Amino acid sequence: MAVKKISEESRKWTLYTDGASSREGSGAGLILTIPEGEEVTYALRFDFHASNNEAKYEALHAGLRLAKQMGAEAVAAVTDSRLAANQVNGSFKTRDKRMERYVKTVRKLTKSFKEFTIKQIPRSENRRADTLSKLASTCFDHLSKKVLVEVLKERSIEEQQINTLTTAGPTWMTPLIDYCWINV
């Protein structure tokens, strides 16, 4: 009986990512397909303001972390972000300090895989991840129970510490704020 050798291409995990930002919030969607064909669908809502490009990087970062945690050795990342794909693969230079930190963080994560590729595809081919990111950036109360939703409290890149001043104890606005949060 002949033993069928599994090709390296068939052992590659595919990661579709997208991020979105709106007035209501920002979030990301990702779909990680393991070599056997099973999919992990994931939506992230951010508890911080992120631009569209930052949301796309947050999605890529989260997807790579997930792939690493699940034991992937070869990952093919797919995004509709021309900027992210080309900055990560080195075709585009970064002009913004924050984008530079995102690229550095993503590249560091990609070193944990034996093989990593990233390619940009048309938005029409990334509809599912796009839909998840839009749902997560607006309201995720209506998502199916099969979709995992995580709320990220902080960015994936390190930020400078900024001290904020707050009042000690309740103010005249505390009952109003409590009322608004309870009735949301």
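User: Axes are lines fitted to C-alpha atoms, for helices over the stretch in contact, and angles run from 0 to 180 degrees between N-to-C directions; at what angle do α1 and α3 pack?
Analyst: This is a predicted model, in which local features need pLDDT of at least 70 and side-chain atom pairs count only at pLDDT 80 or more, while totals for chains, interfaces and linings use all residues. Residues are numbered from 1 along each chain as its sequence is written, and side-chain values use heavy atoms, with hydrogens and water left out. The axes of α1 and α3 are 10 Å apart, and the two helices pack at an angle of about 15°.

User: Among contacts in the protein chain between residues at least 6 apart in sequence, what percentage join residues at least 24 apart?
Analyst: Contact here means heavy atoms within 4.5 Å. When contacts between residues at least 6 apart in sequence are taken, those joining residues at least 24 apart make up 73%.

User: Which residues in α3 meet the residues of α1?
Analyst: On the side of α1, the residues in contact are Asn-53, Glu-54, Tyr-57, Glu-58, Leu-60, His-61, Leu-64, Arg-65 and Lys-68. Their partners in α3 are Arg-98, Met-99, Tyr-102, Val-103, Thr-105, Val-106, Leu-109 and Thr-110.

User: How many aromatic pairs does a search of the whole structure find, and what is the angle between the planes of Phe-46 and Phe-48?
Analyst: Rings of Phe, Tyr and Trp (its six-membered ring) pair if their centres lie within 6.5 Å, and planes under 30 degrees apart count as stacked, over 60 as edge-to-face and the rest as tilted. The search finds 2 aromatic pairs. Phe-46 and Phe-48 form a stacked pair, with 5.1 Å from centre to centre and an angle between the planes of 15°.

User: Are Phe-46 and Phe-48 buried or exposed?
Analyst: Buried means under 20% relative accessible area, exposed over 50%, and partly exposed in between, computed with a 1.4 Å probe on protein chains only. Phe-46 has a relative accessibility of 4% and Phe-48 has a relative accessible area of 14%, so Phe-46 and Phe-48 both count as buried.

User: How many residues apart are Tyr-57 and Tyr-102?
Analyst: The rings of Tyr-57 and Tyr-102 have their centres 5.5 Å apart and their planes at 15°, so the pair is stacked. Tyr-57 is buried at 1% relative accessibility, and Tyr-102 is also buried, at 1%. The pair links distant parts of the chain, with Tyr-57 in helix α1 (residues 52-69), Tyr-102 in helix α3 (residues 97-110), and a separation of 45 residues.

User: Which residues does Ala-55 touch, not counting those up to four places away in sequence?
Analyst: Ala-55 is found in helix α1 and counts as buried, with 0% relative accessibility. Beyond four places away in sequence, the residues that Ala-55 touches are Gly-19, Ala-20, Gly-27, Ala-28, Phe-46 and Ala-50.

User: What distance separates the C-alpha atoms of Tyr-42 and Ala-129?
Analyst: Tyr-42 lies in strand β3 (residues 39-46) and is buried, at 16% relative accessibility. Although Tyr-42 and Ala-129 are 87 residues apart along the chain, their C-alpha atoms are separated by 8.7 Å.

Conventions:
Helix = DSSP H or I, 4+ residues; strand = E, 2+ residues; numbered from the N terminus.
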